[in-house]
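Here is a short report on one protein model. Look over the sequence and the fold, then read on.

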Amino acid sequence: MPGAGKCHTSTVRFAQATDSVTEDGAVTFTAIRDGANDSAVTVNYLFNNGGTDTATGGAACGGAVDYIDGNDQFSFGAGVSSIPFAVDTCPDAAIEGNETFSLTLANPSSGLSVVAPATETVTIVDDDFAPTQDTDVTLSGSALTIEDVNGANTSDDLRLSCNGANLRINDPTHLLYAGAGTQIDPNTVEVPLAGLTSILVNSLAGNDALTVDLSGCDIVPSGGITYNGGDPTSGTGDRLNIVGGNQGQVTYHYTNASDGNVQMQNFGTVNYTGLEPISNTGTASDVIFELPTGGTAATLGDDGTGGNGMSRLSGASFEDTDFANPTSSVTIKRGDAADTLAVNALPDLNSSLNIGTSVNTFSTIAFNGAVTLASGNSLAGFAAGTISFPNGTSDVATSGTGTIALTTATNLTMLSGSSLTTVDGALTINANQQVTPTAGNFNGININAATVQSTGSGVVTVNGKGGTVGGGQHGVLVISGGVIRGGNAAGITTNVNGTGGAATGVTNIGVVVIDGGASITSIGGNVSVLGTGGSGTGGDHHGVRVFNAASAASISAGSSGTVTVSGTGGSAATGGCFGVDVRTAGAAITSSGGAVSVTGQGGACAENSGIVVTNASIQSGTNGPVSVTGTGGTSTGTNNDGINMNGGNISATGTGTVTVEGTATFGASSEGIHLSGGSPSITTALNSAITMIGDSMNLGAGSINSGTGPVTIRQKSANVAINLGTAGDPSAGPLNLLDAELDRVTAGTVFVGNSASGQITTTAAITHPNNLTLTTGAGITFGASSPVTMALDKTLTGNASGTATGAITVNAALGSTGTGGVLLTTARNIAVTAGISTVNGPITLNANQQVTPTAGTFFGINLDGAAAIVQASGTGVVTVNGRGGNSGNSIGIGMANSSVVKGGSTFGATTTSLTGTGGTGNNTHGLQIGAGASISSFGGNISVIGTAGTGDSAGQNIGFILYPTGTISSTVNGSVTVAGTGGTGGNLNEGIRIDGSLSKISAAGSGNVTVTATAGKFE
């Protein structure tokens, strides 16, 4: 059969979905049949009057009819694939804007189906323009003017944008008239950009908006855009929107509440008048706000829409401005010295933020909410008045190397929960640091339960000075858990510097750390605190105070960081002005491992100690040394101690040493170091050294304990004398130490004095539990009725290095038991009139044994009188070495008037040894044993060696002389060796002279006697 297998189905559609036509025109709809066309088919077309269509159809033009309608159908004959159908539009004179109508395919016959596009929509373009529309676009030369001319009260919504080489002006809600350029449609006009030098927009009355769209190209001519918003100037008002474009640096200059301009580095300037809000969503590198003159209360905060990258600067005297977060910085410049700025939470701002300058400061700055800047970005703020962080959400943070620098001519206050934080950037706060301080009642810096910190390698610096009215005008106050915390890098230093106010009340302190765990500390860097007390009608104007009213307060450093605290007291007619005051249990100056140094200078009040420690502590961590140095004040009041401890402790842990140095100034009751009560302690942990330095000390309470390590107690000033056993502590010396005071010391050895000390004298009995070493650059006198008795196994050592005054005089018994010894060394001479005794310990007397002998006329060692008994009763060894002076009658060792030298009992060993060397001049014998004097041992060997000095032809210089009834004798089986060498000059320079029949040299038992004499030179 013909045609077998052929498909007779097909589809129908319109050729297009949309079209347009002018008024009084015709538009052609074309129906297209696809698929089989060998049969006849039909489909209806229907006009969709109403619904989304805005044009009105009708049977004939006239009235409100916009087009001729009438439903019908398309009939496709066999072989027909398309059918055109024309619809006429109607002319009218009405200004009605563009309108639409549409035609839809429906009800296809059998074998035909409708497919998209099944509806075609046509726009009737309004071609009716009145001579004057809502807004005119005119051109005068190169100056373009866009002006609202229809009643001047419409709310225009103008947009300036770029369309290729043209400036496009559009208002979707109002009609524009192209007095210049091209009329694109009733709402749009385009003007070529080329040649334009300025654009003026006059929107007049109404709540108008101008949008300057910079996303396509630069539409701002060289002369800029001027937007005159007109009335109203309040309420919703007129709005300027700037969108798009990389604008570079953007400066907002506010002339007054409604006028100003926006200067965009990469585009140009938009000037405005009669304006209310501004919004700029374009990209900026830096944003600068220049506030108007006349005093402004400005607020920087969020624009109200979270996460959109926009912030807002607002205030009654200028246009509220929403701006996109710039890539680099926001700078707010004041217009007047009375300007204030409140910084609220800025969730979308993370650029650097600069508020004021060092010259043009804001009146006040308040950080009311959280501000977190991006890595490397910084905050700087300058105010003449208060910079405040008033609440727990006042948290400002930078990261990376971003810094924070806040400077005020008055005060900075941080209240509970607020914080300033950097990571590796510096954090600097300066309050009232200008040459002329600001008058008023305030603390320079008040960190009240708040935190100032760097968590990385950032350096924290805090400088504050108190006000001038009333009391409590502190330089820096850290209180109730407040924290100043430096970074963690070794070698960096957290610096806190406070000066109390020159005010009228009491307690104007330089730096105060008080209560609730308040602290100045570091994560690992060094910490330096410098405080200077203020002045007032009352006292307590301390340099630095660490005080614990309810819970611990401290100055400390983490890791191996060092701590340096230095305070200078202030001035007042009454009260106390201490350099450093550490007070109450829990108050501490401490480190985790580094050195701790505390220096205090008293002020000019009634009581002016350099450092006061009251039931508190100054302590280093592992292996860190501690140095505490205090100087009394500058007034004539009482209690100008260098260091005053009433309870508490100064201590070092690990291998750290402790040095305590005090200087008293005025007042009869002032001491360099005063341990006044409450069981104060000065200690080291691992037998490390303690050194105490002061021209006066009152060690009337507490303890000093270095374990088995050394403790040195000495004068501060050269040539100040030291008296052991004397009460009273004159501020300038001598340094008087009672036996009870020395007994407060626990040490391996107590060293008293040094080579710069003046005369050391014992004035009362000393019973000492430690090894005791006396060292002086002058001499040592063991005064009459002032015996020195050492505890079991403890040694007394005396070193006198003075060549003119360096005699050691023993007028009272010296002794030690057990293995303890007595060791006396002088650069000059030793005079003994009392007994020196040990049991099993050594006795050594060395006089003038240095390489260069001391000049003068003196016996090197002179044992004078029956009480001059130098004796080791057990196994001790007695060694006596003396050299005479450099003029006549200067004998090396002289023993007279029944004096005794007697060594110990160790058989086979020399336990008694005397070596004397004469000086220079006539009669400079080496060793002279007088009547009744004796040299012996309890059983050990004896060695006596005398070497004469040199003289002239008139003198005698004998090596060894034994006068009548003088004896040298051993006991048990001890041997005796005697050697003498004569000198030069004169004619009687014997090596040995034994004078008198009762003189004797002998040995007991199996002991030998050896006598060797060498004559000197005869003239």
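Number the bonded cysteines in sequence order, and the pairing reads 1-2, 3-4, 5-6. This is a predicted model, where local features need pLDDT of at least 70 and side-chain atom pairs count only at pLDDT 80 or more, while totals for chains, interfaces and linings use all residues. Residues are numbered from 1 along each chain as its sequence is written, and side-chain values use heavy atoms, with hydrogens and water left out.

**Disulfides**

The structure holds three disulfides. The term covers a pair of cysteine sulfur atoms within 2.5 Å. A disulfide is a covalent bond between the sulfur atoms of two cysteines.

| Pair | S to S distance | Torsion about the S-S bond | Hand |
|---|---|---|---|
| C61 and C90 | 2.0 Å | -80° | left-handed |
| C162 and C217 | 2.1 Å | about 110° | right-handed |
| C577 and C605 | 1.8 Å | about -45° | left-handed |

Where do C61 and C90 lie? C61 is in the loop between strand 5 (57–58) and strand 6 (67–68), and C90 is in the loop between strand 8 (82–88) and strand 9, so the pair ties together parts that are 29 residues apart in sequence. Strands here are DSSP runs (E, at least two residues), numbered from the N terminus. C61 is partly exposed at 42% relative accessibility. C90 is buried at 1%. Buried means under 20% relative accessible area, exposed means over 50%, and partly exposed is in between (1.4 Å probe, protein chains only).

The bond of C162 and C217 links distant parts of the chain, 55 residues apart. C162 sits in strand 14 (residues 157–163). C217 sits in the loop between strand 20 (209–213) and strand 21 (225–228).

C577 belongs to the loop between strand 54 (563–568) and strand 55 (580–583), and C605 to the loop between strand 57 (596–601) and strand 58 (611–614), so this pair ties together parts that are 28 residues apart in sequence. C577 is buried, with a relative accessible area of 0%. C605 is buried too, at 3% relative accessibility.

Five strands make up an open sheet with mixed pairing, in the order 2-11-9-4-7. Strands count as paired if DSSP finds at least two bridges between them. The edges are strand 2 (18–22) and strand 7 (72–76), each of which pairs on one side only. On average, neighbouring strands of the sheet are turned by 25° against each other, direction ignored. That angle is taken between axes, which are lines fitted to C-alpha atoms; angles run from 0 to 180 degrees between N-to-C directions.

Inside the sheet, strand 4 (residues 41–47) and strand 9 (residues 99–106) run antiparallel and are joined by four bridges. Among the partners, L46 has T104 in strand 9.

**Around strand 18**

Is strand 18 largely enclosed or open? Four of the five residues of strand 18 (residues 188–192) are buried, so this strand is largely enclosed by the rest of the structure. Strand 15 (residues 166–170) pairs with strand 18 in the antiparallel sense over five bridges. Strand 17 (residues 182–185) is also antiparallel to strand 18, with three bridges. Strand 17 and strand 18 form a hairpin, with two residues between them. E190 of strand 18 is the bridge partner of R168, and T182 also stands opposite E190.

**One cavity**

A search of the whole structure finds one cavity of 30 Å³ or more. A cavity is a set of points on a 1 Å grid over the protein atoms alone where a 1.4 Å probe fits but cannot get out; lining residues have an atom within 4 Å of a point. The largest cavity holds about 40 Å³ of space. Its volume is the space filled by probe spheres set on the points. The lining consists of Q247, V250, Y252, N280, G282, A284, V287, F323 and A324. Strand 23 (249–254) and strand 30 (321–324) are the elements that give two or more residues to this lining.

**Backbone exceptions**

Most residues other than glycine have a negative phi, and most peptide bonds are trans. A cis peptide bond joins A116 and P117, with omega about -5°. P117 is in the loop between strand 10 (112–114) and strand 11 (119–125). The bond from G733 to P734 is cis as well, with omega near 5°.

A449 has a positive phi of about 55°. A449 lies in the loop between strand 43 (445–448) and strand 44 (451–454). D540 has a positive phi near 65°, and D540 is partly exposed at 29% relative accessibility.

Methods:
1 Å grid on protein atoms, 1.4 Å probe; cavity = no way out; pocket = protein on both sides within 12 Å on 5 of 7 lines; lining within 4 Å.
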